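Try each task before reading its solution.

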Amino acid sequence: MKFSSASLLLVALAVAACDSKTATTGEAATSKATVEAIATGPAAAETSGTQATADDEANATPAPAPGTIPAAKSGDAVGILARPQVPILCYHQIRDWTARDSKNAKDYITPIATFKGHIKMLADSGYHTVSPDQLYAYMTTGAKLPSKPIMLTFDDTDLDQFTIARPELDKYGYKAMYFVMTVSLGRPHYMTKAMVKQLSDEGNIIGSHTWDHHNVKKYQGKDWETQIDKPTKTLEGITGKKITYFAYPFGLWNPQAFPELKKRGFVAAFSLAEKRDQDDPLFTIRRIIASGYWSPKTLRNNIVQSF
């Protein structure tokens, strides 16, 4: 399938907060509603700590490969829903705001100092980052996690996730999951294939975020090949690893997508929503946008209130 340069420009403009221009999209509107719906109650008491301790790492059960977990476990929706949710944060751009950024877009654009404050707060509060394999094992089998687990995710392949977020996470021994939109690879203001490979080689996990951020709820015909099959093959070629995790563009999903993702080898998918599907929670794992408006204290409050 061929796309003109004009089509690619429309795609770039349609993706929420994907470049330095103002982006007002369905995802931004969805995020704003989500952000406003989350109460910011008083902060819970936090324990002190700067990064994962040896005891926590030793006590955490090594995550088995998802393929080794019996199907009955991964299909036990009641058991999965009964376990406390692990907080999962979603970031997009890490850069300072400009005069062109709309009010909604700023939810998706985290100023550099704000982002650094977020990560320092997590470390000082004793949070430990976990991988999606650890999360999957916990959700399906109850495998033990480090104390105060949290998962950090980044969507849309923005260059600042590599140049700014990556070194900041490294200060605290933190790892993250990067959901890559393959149409953007190598374009200005986005990561290159070499950067994605480096992130993977350094112990971060790469997930699929479609080819050009097309809404999964609207897929028809060849869309599954264009948006899922080809990008997955591209990412597996870059990383040399199986791609088994997916993030829905705009955080939007429907149950019809679950079997399509499963038959393509995905074991879980991540949304941006208040609710999980009661029959298939592994394919509606909740995340919250770490809004660019939030101070470290507000982020901490929202983690406590939302999860």
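This is a predicted model: local features need pLDDT of at least 70, side-chain atom pairs count only at pLDDT 80 or more; totals for chains, interfaces and linings use all residues.

Residues are numbered from 1 along each chain as its sequence is written, and side-chain values use heavy atoms, with hydrogens and water left out.

**Exercise 1. Find how many helices and strands the chain has, and what percentage of its residues is buried.**

Step 1: Take helices (H or I, at least four residues) and strands (E, at least two) as DSSP runs, numbered from the N terminus. The chain has twelve helices and ten strands.

Step 2: Apply the burial cut-offs: buried is under 20% relative accessible area, exposed over 50%, and partly exposed in between, with a 1.4 Å probe and protein chains only. Of the 307 residues, 54% count as buried.

**Exercise 2. Check the span of helix 6 and list its buried residues.**

Step 1: The expected span is 1.5 Å times one less than the number of residues. For the 13 residues of helix 6 this gives 18 Å, which agrees with the 18 Å between its end C-alpha atoms.

Step 2: Its buried residues are Phe115, His118, Ile119, Met121, Leu122 and Ala123. Among the elements they pack against (contact: heavy atoms within 4.5 Å) are strand 5 (149–155), helix 8 and helix 12 (296–306).

Step 3: Just after helix 6, Gly126 has a positive phi of about 85 degrees.

**Exercise 3. Describe how helix 6 packs on helix 8.**

Step 1: Axes are lines fitted to C-alpha atoms over the stretch in contact, with angles from 0 to 180 degrees between N-to-C directions. Helix 6 (residues 112–124) and helix 8 (residues 160–170) have axes 10 Å apart, at an angle of about 25 degrees.

Step 2: Angles under 35 degrees count as roughly parallel, over 145 as roughly antiparallel, 65 to 115 as roughly perpendicular and the rest as oblique. Helix 6 and helix 8 are therefore roughly parallel.

Step 3: Helix 6 contributes Ile112, Phe115, Lys116 and Ile119 to the contact, and helix 8 contributes Ile164, Ala165, Glu168 and Leu169.

**Exercise 4. Is Thr210 buried or exposed, and which residues does it touch?**

Step 1: Thr210 is in the loop between strand 7 (205–208) and helix 10 (223–239).

Step 2: Its relative accessibility is 0%, so Thr210 counts as buried.

Step 3: Leaving out residues up to four places away in sequence, Thr210 touches Val180, Met181, Thr182, Tyr219, Gln227, Ile228, Pro231, Phe246 and Pro249.
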